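User: Could you walk me through this structure? I would like to begin with one of the helices.

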Amino acid sequence: MHQGGPIGRRQVRDGDGGRRLGAAELGAELGERATLVQFSSAFCQPCRATRRTLSEVAAMVDGVTHIEIDAESRLELVRALEIARTPTVLVLDAAGRVVRRASGLPRRADVIAALGDAV
């Protein structure tokens, strides 16, 4: 993934200042090696395509889990993480540290590359 700044309609940045997320906050268990956390909303067309891409990548890479969170039902978490739009994807390492963050529709190659930072 690109290092910061806009890429078309995507916005990408490294990490979140060492922030860690766990199963209690996310509502699901973390992946053994990495976790792809997707914040979505009901009427978000790019969210559906993002769901497909992240699910495919998680199925391809051992130990990677995809968790989708409905932003509207988890407003406290959305505010705490400063999620400004959907889809937003957080890439977590095995310990739940946010190592990469991107908003907008991700490309499969970018997701796989971001996982390299997490595993």
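User: Which residues of helix 2 are buried?

Analyst: This is a predicted model. In helix 2 the buried residues are Cys 47, Ala 49, Thr 50, Thr 53, Leu 54, Val 57 and Ala 58. They lie on the same side of helix 2, because the arc they cover around the axis is only 165°.

User: And which residues are exposed on the other side of helix 2?

Analyst: Gln 45, Arg 52 and Ala 59 are exposed there.

User: What do the buried residues of helix 2 pack against?

Analyst: They pack against strand 3 (34-40), strand 4 (64-70), strand 5 (88-93) and helix 4 (108-118).

User: How many residues does the largest nonpolar core have?

Analyst: It has 14 residues, and Leu 21, Phe 39 and Leu 90 have the most contacts inside it. Strand 3, strand 4, helix 3 (75-80) and strand 5 each give two or more residues to this core. Apart from it lies another core, of 13 residues, among them Leu 36, Leu 54, Val 64 and Val 91.

User: Back to Leu 90: what does it touch?

Analyst: Leaving aside residues up to four places away in sequence, Leu 90 touches Leu 21, Thr 35, Leu 36, Val 37, Phe 39, Leu 81, Val 98, Arg 100 and Arg 101.

User: A change of topic: what is the mean pLDDT of the protein chain?

Analyst: The mean is 87, and 85% of the residues reach 70 or more.

Terms used: Residues numbered from 1 in each chain as written. Predicted model: local features only at pLDDT ≥ 70, side-chain atom pairs only at ≥ 80, totals over all residues. Heavy atoms only, no water. Buried < 20%, exposed > 50% of the residue type's maximum accessible area, 1.4 Å probe, protein only. Helix = DSSP H or I, 4+ residues; strand = E, 2+ residues; numbered from the N terminus. Arc of directions from axis to C-beta. Contact = heavy atoms within 4.5 Å. Core = buried A, V, L, I, M, F, W, Y, C linked by side-chain atoms within 4.5 Å. pLDDT = per-residue confidence, 0-100.
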